[in-house]
Amino acid sequence: MNQRLYDYINITDLKDMLNKSNKLYANNIAYKIKEGQKKYKTFTYTEVMNMINAIRYSTYRHGIKG
């Protein structure tokens, strides 16, 4: 039985996973954070990617390399 049961995305590292997820699911909700009894703040994959890029730029600008 060498047949795959489902398709998958080949991911090489965290950066690759974030880029591919953003490309595939840009407008889908990535996270929900509870703000009250029945209230949630949602973040799309694009919003999360923008936050990550802002952190990357800030750390680079301050001389922190990864």
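**Briefing: helix 1, its contacts and its surroundings**

At 19% relative accessibility, asparagine 22 falls under the 20% limit and therefore counts as buried. Asparagine 22 sits in helix 1, and the buried residues of this helix pack against helix 2. The model is predicted. One salt bridge is counted, and it joins the side chains of aspartate 16 and lysine 20.

- Helix 1 runs over residues 14-25.
- Helix 1 has twelve residues and reaches 16 Å from its first C-alpha to its last. That is close to the 16 Å expected at 1.5 Å a residue.
- The buried residues of helix 1 are Asp16, Ser21 and Asn22.
- Which helix do the buried residues of helix 1 pack against? They pack against helix 2.

**Asparagine 22**

- The side chain of asparagine 22 reaches the backbone nitrogen of threonine 46 at 3.3 Å.
- Asparagine 22 is also in contact with Tyr45, Thr46 and Met49, leaving aside neighbours within four places in sequence.

- Is aspartate 16 buried or exposed? Its relative accessible area is 16%, so aspartate 16 is buried.
- Aspartate 16 lies in helix 1. Its side chain reaches the backbone nitrogen of threonine 12 at 2.9 Å.
- Aspartate 16 touches Asn10 and Ile11, not counting residues up to four places away in sequence.
- Which residue meets the side chain of aspartate 16 in a salt bridge? The partner is lysine 20, at 3.1 Å from N to O.
- Side chains of opposite charge can pair when their charged atoms come close.
- Aspartate 16 and lysine 20 are separated by about one helical turn, because they are four residues apart in helix 1.
- The two partners differ in cover. Aspartate 16 counts as buried at 16% relative accessibility, whereas lysine 20 is partly exposed, with a relative accessible area of 30%.

**Helix 2**

- Helix 2 covers residues 45-61 and has 17 residues.
- From its first C-alpha to its last, helix 2 reaches 24 Å. The expected value at 1.5 Å a residue is 24 Å, and the span is close to it.
- Just after helix 2, glycine 63 takes a positive phi of about 85 degrees.

**Nonpolar surface patch**

- Which residues make the nonpolar surface patch? They are Ile9, Ile11, Leu14, Met17, Leu24 and Tyr25.
- The patch has an area of about 540 Å².
- Leucine 24, one of the patch residues, is found in helix 1.
- Ile11 belongs to this patch and is also touched by aspartate 16.

**Lysine 32 in strand 1**

- Lysine 32 lies in strand 1, residues 29-34.
- Lysine 32 is exposed, because its relative accessible area of 58% is over the 50% limit.
- Lysine 32 touches Tyr40, Lys41 and Thr42, not counting residues up to four places away in sequence.
- How many residues apart in sequence are lysine 32 and methionine 17? They are 15 residues apart in sequence and 19 Å apart in space, C-alpha to C-alpha.

**Aspartate 7 before helix 1**

- Aspartate 7 is found in the segment before helix 1.
- With a relative accessible area of 77%, aspartate 7 is exposed.
- Aspartate 7 and threonine 42 are 35 residues apart in sequence. In space they are 28 Å apart, C-alpha to C-alpha.
- Threonine 42 is also among the residues that lysine 32 touches.

Note on methods:
Residues are numbered from 1 along each chain as its sequence is written. This is a predicted model: local features need pLDDT of at least 70, side-chain atom pairs count only at pLDDT 80 or more; totals for chains, interfaces and linings use all residues. Side-chain values use heavy atoms; hydrogens and water are left out. Helices (H or I, at least four residues) and strands (E, at least two) are DSSP runs, numbered from the N terminus. Buried means under 20% relative accessible area, exposed over 50%, partly exposed in between (1.4 Å probe, protein chains only). A polar contact is a pair of N or O atoms within 3.5 Å; within protein, one must be able to donate a hydrogen and the other to accept it, and residues adjacent in sequence count only if both atoms are side-chain atoms. Contact means heavy atoms within 4.5 Å. The expected span of a helix is 1.5 Å times one less than its number of residues. Patches are made of residues with over 30% relative accessible area and no salt bridge: like charges are joined within 9 Å, nonpolar side chains (Val, Leu, Ile, Met, Phe, Trp, Tyr) within 5 Å. Accessible areas come from the Shrake-Rupley method with a 1.4 Å probe; for residues, only the protein chains shown count as cover. A salt bridge is a side-chain nitrogen of Lys or Arg within 4 Å of a carboxyl oxygen of Asp or Glu.
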